[in-house]
Amino acid sequence: MPLPIIAPAFRQPRNRCEANRTCTAKGSHRLRVHLVNPSDNSFGTAVITPRWLFVLAAATPRSVGDPILIDESLEQIVPESIEPGDIVGISVHTGNALRGYAVGRMARDRGAWVVYGGIHATLFPDEALESGQAHAVVKGDGDLAWGKVVTDCVAGKPEKIYEGGRIEGSEFLSARWDLMDPQKYMWASVQTIRGCPKHCSFCSVWRTDGQKPRQRKFQNVVDEIIALRRLGFRFIALADDNFYPVTFTDLRLAREQGNTARVDELTAIRNERLQLMEELAKLPRDMVFFTQMTMEAGEDGSYLDAMRKANIKGALVGVEAVTPEGLKAVYKDWNYSGEALAKQLQTFKQHGVHVLGSFIFGLPTDRPATFTATVEMAIKAGVTFAQFVMMTPFPGTVDFGRWEKEQAVNPMMVGGVPITRYWMIPTEVRPKMFTPHPTMSSDEIRERTQKVWDRFYTWGAIWERSACTPTLRARLGFIFLSKLYRQMYAGTGISTDSARRKKSKRWARWTASQCKKLFQARPMPELEGPKWEIGLPRLVQPAFEGVGGREINGPFAVLPDN
Ligand code: B12
Ligand code: SF4
């Protein structure tokens with residue numbers, strides 16, 4: 001058996017020599033590539049791997065060696081690890097942009113090339129150039145563009161903007177999981193599809209990633225998952241925008257329009273989904289997948305059955321609002337409300353797919369009674385987990401555009417920053433809500449939201465829900481995970497009480513380390529993958545090797561199979 005590769009990724013170098021493992025002569029320095037996932041909060045253990053980090057690692061030209069990967073949700077970057085001439089790639093989404101810019105400025109001060117990518121940099125490249133002192137920004141997908149950026153930096157002449165665009169599903173790179181420390185994460189993340197045909201008003205996915213589903217070759221997905229199982233990962237989040245990209249309505253409309261090309265296209269997408277699930281069903285039975293999809297999938301029992309057989313045991317479903325007015329406000333009136341909603345969500349469970357219901361508070365149609373009605377609906381619909389997020393206008397969304405226009409006349413300022421650039425406001429003073437509500441104050445919405453989290457995640461309610469697990473150990477895992485989820489989101493995210501936040505962070509850190517143990521599995525280096533008939537473009541196929549020997553069993557392991 002080959003020796004395990006111990007990733008340099010999270011053992012951050014403390015001094016020059018360690019920083020430069022490839023250093024050849026005293027005083028000389030061969031440039032290194034660093035990829036940084038910025039975060040203000042480090043928990044030592046993370047729930048899900050930030051996939052971009054390992055995909056960009058795969059896109060890094062071999063000529064510059066393996067990149068150093070730093071996930072600040074585990075631990076903060078050590079500035080001394082950056083040397084003049086190094087290349088530092090930083091990913092920013094809106095929530096971590098400010099921290100990302102601080103890392104970029106630090107790296108530039110130390111003489112490194114600084115490059116940004118990710119959804120926020122794609123939408124605000126000028127901001128990354130100015131506030132983050134970037135040499136370059138990649139807009140869109142980095143799989144193909146990153147190699148050119150690195151080569152240009154090495155040559156000392158990077159361009160300011162690179163158009164990464166929206167590459168085809170067949171071009172998505174497989175991640176370099178060999179550079180990950182499996183001890184640090186509970187779930188790995190694998191993407192099977194990008195883009196979403198819907199157009200919800202609070203979501204930017206359909207605008208940045210497009211409405212055309214870009215589906216990865218199922219063989220590549222399966223190969224990557226096998227590599228992860230060999231390493232000892234059996235919990236895998238399918239980091240997809242929408243796992244149910246073709247609905248019955250889409251097919252019916254195409255048929256009614258006599259658009260046979262469209263019918264064929266949709267059918268092919270759907271068939272490939274089913275093929276993927278058929279292959280997943282052949283993997284070791286201890287594997288557990290989790291995905292995100294619309295509740296329309298409740299219409300299609302055979303699809304849900306295929307998910308269950310494929311061990312896709314849960315899905316985040318965007319319920320958003322429980323009233324027709326609320327759904328209309330977010331351009332999601334194709335979602336169900338009232339009794340039909342409860343029934344639709346129960347269908348998932350009846351087919352063996354657990355639901356993490358996602359609800360939004362702070363919609364203009366919300367009233368005090370909406371909070372109670374929502375949590376009662378979540379309980380009635382039998383969702384296994386729930387998240388209650390406060391309305392946030394994310395850039396690139398319809399909501400953001402509307403709000404920015406309203407604010408243009410007389411912009412509200414917080415600490416000298418216009419509120420429509422809220423991510424630039426230091427986190428300590430950043431408001432929790434930005435868009436004014438017609439009848440409730442932000443504090444009222446926040447307090448009511450917090451109460452809803454507290455009510456959904458009482459010990460008694462969690463205990464009752466945990467009955468879906470067959471063993472006591474699994475039940476304990478379920479309880480831990482529920483409490484962790486609540487603390488990470490409601491305790492540290494929504495709360496403005498700094499003592500409560502501090503306590504929540506400490507608690508989350510401890511619980512995360514306990515939960516991690518429950519997710520560990522025995523590596524299966526011997527696991528054989530299918531031999532595909534058609535030769536696939538294998539842009540990167542690193543050698544994956546098992547790491548250590550660990551016991552399996554975790555909360556989802558035990559969710560019913562049927
Ligand atoms: C899976 C996922 C999650 C998972 C896992 C997160 C994780 N640890 O990775 C969970 C469920 C935990 C999650 C949580 C949240 N998420 Co989320 N998530 C996603 C999703 C669906 C896929 C992300 C992914 O892994 N993609 C696969 C990788 C390979 O793609 P990528 O990250 O886009 O990277 C590519 C390019 O962007 C580029 N690139 C990225 N970084 C860099 C860096 C450099 C240097 C370069 C050159 C290129 C580059 O190259 C990569 C390869 O092509 C995206 C939707 C999306 N389409 O992006 C939303 C998304 C990122 N999430 C979003 C949000 C809002 C959240 C939450 C705030 C939700 C909430 N209310 O709690 C939290 C925040 C969590 C946090 N603190 O980070 C928003 C972000 C919007 C914004 N403007 O910032 C998105 C875009 C969805 C949306 N509805 O709009 N999320
Ligand atoms: S919220 Fe979900 S369904 Fe709506 S556009 Fe975004 S990814 Fe698609």
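Select Arg465 and Phe456: Arg465 lies over the face of Phe456, 3.7 Å from the ring centre. A charge sits over a ring when NZ of Lys or CZ of Arg is within 6 Å of the ring centre and within 35 degrees of the ring normal. The model is predicted, and local features need pLDDT of at least 70, side-chain atom pairs count only at pLDDT 80 or more, while totals for chains, interfaces and linings use all residues. Residues are numbered from 1 along each chain as its sequence is written, chains are lettered from A and ligands numbered from 1 in the order in which they are written, and side-chain values use heavy atoms, with hydrogens and water left out.

Next, select Arg475 and Trp463. Here Arg475 lies over the face of Trp463, at 3.7 Å from the ring centre.

Ring pairs link Phe456 with Phe359, Phe361, Phe371, Phe385, Phe388, Trp453, Tyr457, Phe478 and Tyr485. Rings of Phe, Tyr and Trp (its six-membered ring) pair if their centres lie within 6.5 Å; planes under 30 degrees apart are stacked, over 60 edge-to-face, and the rest tilted.

The structure holds 28 aromatic pairs. Select Tyr244 and Tyr303, whose ring centres are 4.9 Å apart with planes at 75°, so the pair is edge-to-face. Tyr244 lies in the loop between β11 (235-238) and α9 (248-256) and Tyr303 in helix α11 (residues 301-309), so the pair ties together parts 59 residues apart in sequence. Helices (H or I, at least four residues) and strands (E, at least two) are DSSP runs, numbered from the N terminus. Tyr244 is buried, with a relative accessible area of 1%, and Tyr303 is likewise buried at 1%. Buried means under 20% relative accessible area, exposed over 50%, and partly exposed in between (1.4 Å probe, protein chains only).

Now select Phe361 and Phe388, a stacked pair with 6.0 Å centre to centre and 10° between the planes. Phe361 belongs to strand β14 (residues 354-361) and Phe388 to strand β15 (residues 385-390), 27 residues apart. Both Phe361 and Phe388 are buried.

From these strands, display the open sheet: 7 strands in the order β2-β8-β11-β12-β13-β14-β15, with parallel pairing. Two strands pair if DSSP finds at least two bridges between them. The edge strands, β2 (46-48) and β15, each pair on one side only. Within the sheet, 6 bridges join β13 (residues 312-320) to β14; Gly314 has His354 in β14 as its bridge partner.
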